[in-house]
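This briefing is for a reader who is new to the structure shown below.

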Amino acid sequence: MLHRPRRNRKSQVIRDMVQEHHLQASNFIFPLFIIDGNAKKTEVASMPGIFRYSIDELLREVESCLDLGLKAFDLFPNIEESLKDKTASESLNEKGLYLRAIKEVKAHFPEACVVTDVAMDPYSSDGHDGFVENGEIVNDKTLKILADMAVAHAKAGADIVAPSDMMDGRVQYIREALDAEGFTQVSIMSYTAKYASAFYGPFRDALESAPKFGDKKTYQMNPANQREALIEATLDSQEGADFLMVKPALAYLDVIKLLKDNFDLPIAAYNVSGEYAMVKAAAQKGWLNEEKATVEKLMGIKRAGADVILTYHAKEVLKNKWI
């Protein structure tokens with residue numbers, strides 16, 4: 001035999017030499033949950049090892065991550081029910097939890113990259129990502145709310161705003177609003193192909209932001225559809241997105257590759273809460289080797305074409321030197 005592929009697998013040195021893809025700290029964004037109060041750090045029951053932090057504890061967590069080389073963070077607020085309304089007005093409250101958290105992180109750690117979630121659901125009394133009128137999620141009335149939210153995030157110090165709502169036209173609306181306020185350097189990481197997935201459950205537990213009625217299938221994508229992601233990505237690219245995101249990641253590796261092969265923008269993938277919880281639960285049962293399973297799935301996401309991975313595993317992977 002002239003060709004023996006096993007020759008390139010015969011030692012660790014050679015395997016490392018020919019390895020095609022690598023994971024490193026700069027590939028990761030670490031999602032963090034925020035709660036009001038002081039000296040609070042409460043574990044999310046369905047996400048072992050993941051916590052909700054008051055702002056003082058959040059700053060300690062960010063500092064510990066920076067020491068590991070983890071420099072990008074996506075912040076998500078757990079808003080008290082009494083502060084929620086139909087127009088998500090609390091999202092614009094400069095003294096509110098979320099805008100204070102952004103300001104504090106950037107004030108203490110200007111080197112950190114702060115990504116913010118632009119969506120109504122954490123603040124909405126209806127629990128949906130858009131404005132609800134007569135039981136319908138109304139697209140165009142939502143756009144102004146999202147744009148105002150993105151501008152508020154930029155004023156607080158956000159480096160990247162990430163609209164996760166899946167409303168039509170929101171990237172252009174947000175881009176124009178940011179530019180009009182002078183925030184031309186604030187990036188948009190669009191949730192381009194966000195699917196109506198069963199893997200979001202633990203995240204909704206963490207934020208207590210599940211829909212009060214119905215589901216999100218009129219705006220999030222059908223898991224059966226792939227070509228539709230190309231339509232969404234084309235529009236987001238034309239409207240000024242700086243990153244295109246696929247969410248979830250594991251069940252949509254083909255979509256990650258599809259966008260990578262067809263667009264020049266960086267591709268992000270969200271390794272979501274349910275995907276995290278599955279590995280954690282199986283590891284606790286002794287059914288999986290947690291280190292090997294975690295690194296393998298993250299490598300699979302990277303191999304599919306993700307330049308950036310939002311993952312709850314980010315800190316433990318770096319802290320334990322799994323990569």
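Which residue forms a salt bridge with Lys106, and how far apart are the closest N and O atoms? The partner is Asp159, and the closest N and O atoms of the pair are 3.0 Å apart. Asp159 belongs to the loop between helix 4 (139–156) and strand 8 (160–163) while Lys106 belongs to helix 3, so this contact ties together parts that are 53 residues apart in sequence. The model is a predicted one.

**Salt bridges**

- In the whole structure, a search finds 21 salt bridges.
- In the pair described above, Lys106 is buried, with a relative accessible area of 17%, whereas Asp159 counts as partly exposed at 27%.
- Another salt bridge joins Arg100 to Asp36, with 3.1 Å between the closest N and O atoms. Arg100 sits in helix 3 (residues 97–108) and Asp36 in the loop between strand 1 (28–34) and strand 2 (41–43), so parts that are 64 residues apart in sequence are tied together by this pair.
- Arg100 has a relative accessibility of 30% and therefore counts as partly exposed. Asp36 counts as partly exposed because its relative accessibility is 33%.
- Asp236 and Arg170 meet through their side chains in a salt bridge, at 3.6 Å from N to O. Asp236 is part of helix 7 and Arg170 is part of helix 5 (residues 170–180), so the bridge ties together parts that are 66 residues apart in sequence.
- Both Asp236 and Arg170 are buried.
- A network of salt bridges links Asp121, Asp129, Lys194 and Lys216.

**Helix packing**

- Two packed helices are described by the angle between their axes and the distance between those axes.
- Helix 7 (residues 227–239) packs with helix 8 (residues 253–262) at an angle of about 45°, and the axes are 10 Å apart. That angle makes helix 7 oblique to helix 8.
- The crossing in which helix 7 passes helix 8 is right-handed.

**Surface patch**

- A nonpolar patch on the surface is formed by Val13, Met17 and Val18, which together have about 310 Å² of accessible area.
- Met17 is placed in helix 1 (residues 12–17). Met17 counts as exposed because its relative accessibility is 62%, and the cut-off for exposed is over 50%.

**A buried lysine**

- Lys84 is located in the loop between strand 4 (72–77) and helix 3. With a relative accessible area of 9%, Lys84 is buried.
- From C-alpha to C-alpha, Lys84 and Phe199 are 25 Å apart in space, and in sequence they are 115 residues apart.

**Backbone details**

- Most residues other than glycine have a negative phi, and most peptide bonds are trans.
- Lys247 and Pro248 are joined by a cis peptide bond, with omega about -10°. Pro248 is in the loop between strand 10 (243–247) and helix 8.
- Ala39 is not a glycine, yet has a positive phi of about 55°. Ala39 is in the loop between strand 1 and strand 2, and is exposed, with a relative accessible area of 57%.
- Lys321 is not a glycine either, and has a positive phi of about 55°. Lys321 is in the segment after helix 11 (314–319), where Lys321 is exposed at a relative accessible area of 71%.

Terms used:
Residues are numbered from 1 along each chain as its sequence is written. This is a predicted model: local features need pLDDT of at least 70, side-chain atom pairs count only at pLDDT 80 or more; totals for chains, interfaces and linings use all residues. Side-chain values use heavy atoms; hydrogens and water are left out. Patches are made of residues with over 30% relative accessible area and no salt bridge: like charges are joined within 9 Å, nonpolar side chains (Val, Leu, Ile, Met, Phe, Trp, Tyr) within 5 Å. Accessible areas come from the Shrake-Rupley method with a 1.4 Å probe; for residues, only the protein chains shown count as cover. A salt bridge is a side-chain nitrogen of Lys or Arg within 4 Å of a carboxyl oxygen of Asp or Glu. Helices (H or I, at least four residues) and strands (E, at least two) are DSSP runs, numbered from the N terminus. Buried means under 20% relative accessible area, exposed over 50%, partly exposed in between (1.4 Å probe, protein chains only). Axes are lines fitted to C-alpha atoms, for helices over the stretch in contact, and angles run from 0 to 180 degrees between N-to-C directions. Angles under 35 degrees count as roughly parallel, over 145 as roughly antiparallel, 65 to 115 as roughly perpendicular and the rest as oblique. A crossing is left-handed if the near helix is turned anticlockwise from the far one by less than a right angle, and right-handed if clockwise.
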